[in-house]
Amino acid sequence: MYLALCATVFLTAYVLNLVTITVGYHRGLAHGAVRLHPRLRRLIVMTGNWVTGLDPKAWVVMHRMHHAHSDTPKDPHSPVNVGIIGVAMAQLRSYERVLRGLMRNEPAFTKFAYDLDFELNWTNRTRRWYLPYLAHAVVATAIAASGAWLLGLAYFVGMMSHPFQGGMVNAFGHAVGGRNFETNDNSRNNLLVAWLIAGEGLQNNHHRYPNSAKFSYRSWEPDAGFMVCLALETLGLVTIDYEQLIPAPPQGGVAAQPEAPPQGGVAAQPERRIAA
Ligand SMILES: [Zn+2]
Ligand SMILES: [Zn+2]
């Protein structure tokens, strides 16, 4: 019973991080593939940094830079440049660089925030980036100090899962796996990462159709993130942009290649606006 409780707490914390990033930050704020209900959008902007330790504005800007410069020397976290092992450190350094650039209002960074009508979280504006991590550590320690050390550990590891989640996607999603589409980058569809990280491992599909809420193309490609989008849509919390959805594969199994791959994903479409 106790072990089941630990597993439940870990999974809840893991999924909370995952959904905040893949639906809130990624499919919602970064790409507008789903339009977030204004209240949900406000909730994610206000609490996302506390849940994940990652600032929503800085995350979106770094991610749009990734799409604009995918697997080129300007990519913030490409295994082509730094190897699979180097991605974890590269994404951390790039994230810090983006935070500094946004605080200094440098156009190289602010141009990727054209529709983000909110500030960096105050913890980052005041260089107290560590507060969310400290808060989770205090909660975990309090649980452990009550005698339930495994429960405290389960909570902490689950809440701190975002570097693992991001690292797996950014490393293996651009290095290991098959490709459905010819794109100007090294994006791959890594099924193991897609299972673990709610469809985010399907980077080749995503880079070909960056504004699609659905990342899966073949019937066997897992995309739990899109399932969450569908569930949230029935609750009226998001609106899926069905016009941008990845097309169904043609009968016979040959991937659709309707036109040249888009250059730079969201960054190439500054006219797209996400409702506040
Ligand atoms: Zn990518
Ligand atoms: Zn993306």
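**Reading exposure, backbone and helix packing**

Q: Is arginine 127 buried or exposed?
A: Arginine 127 is exposed, having 9 other C-beta atoms within 10 Å. The scale counts other C-beta atoms, placed from the backbone, within 10 Å of a residue's own: 20 or more is buried, 12 or fewer exposed, and in between partly exposed. The model is predicted, so local features need pLDDT of at least 70 and side-chain atom pairs count only at pLDDT 80 or more, while totals for chains, interfaces and linings use all residues. Residues are numbered from 1 along each chain as its sequence is written, and chains are lettered from A and ligands numbered from 1 in the order in which they are written.

Q: What is the phi of arginine 127, and where does the residue lie?
A: Most residues other than glycine have a negative phi. Arginine 127, which is not a glycine, has a positive phi near 55°. The residue is in the loop between helix H6 (122-125) and helix H7 (131-145); helices are DSSP runs of H or I with at least four residues, numbered from the N terminus.

Q: Which phi does aspartate 71 have?
A: Aspartate 71 is also not a glycine, and its phi is positive, about 60°. The loop that holds aspartate 71 runs between H3 and helix H4 (79-103). Aspartate 71 has 19 C-beta neighbours inside 10 Å and therefore counts as partly exposed.

Q: Which residues is threonine 123 in contact with, beyond its neighbours within four places in sequence?
A: Contact means that C-beta atoms, placed from the backbone, lie within 7 Å. By that test threonine 123, which lies in helix H6, is in contact with Asn49, Arg128, Trp129, Leu131 and Pro132 once neighbours within four places are left aside. Threonine 123 is partly exposed, with 18 other C-beta atoms within 10 Å.

Q: At what angle do H1 and H3 pack?
A: Angles run from 0 to 180 degrees between N-to-C directions of axes fitted to C-alpha atoms, for helices over the stretch in contact. Under 35 degrees is roughly parallel, over 145 roughly antiparallel, 65 to 115 roughly perpendicular, and the rest oblique. Helix H1 (residues 2-30) meets helix H3 (residues 56-68) at about 60°, with axes 10 Å apart, and the two are therefore oblique. H1 contributes Tyr25, His26, Leu29 and Ala30 to the contact, and H3 contributes Pro56, Trp59, Val60, His63 and Arg64.

Q: How does the packing of H1 with H12 read?
A: The angle between H1 and helix H12 (residues 224-234) is about 75°, and their axes are 10 Å apart. H1 is therefore roughly perpendicular to H12. Val19, Thr22, Val23 and Arg27 of H1 make the contact with Gly225, Val228, Cys229 and Leu232 of H12.

Q: Which residues touch the most other members of the largest nonpolar core?
A: Such a core is a set of buried Ala, Val, Leu, Ile, Met, Phe, Trp, Tyr and Cys residues joined through C-beta atoms within 7 Å. The largest here has 55 residues, of which Ala58, Val61, Val98, Tyr155 and Cys229 touch the most other members. H1 supplies its largest share, 10 residues.

Q: How many residues of H9 are buried?
A: In helix H9 (residues 162-172), 8 of the 11 residues are buried, so H9 is largely enclosed by the rest of the structure. Among the elements that cover these buried residues are H1, H4, helix H10 (191-196) and helix H11 (203-208).

Conventions. Contact = placed C-beta atoms within 7 Å.
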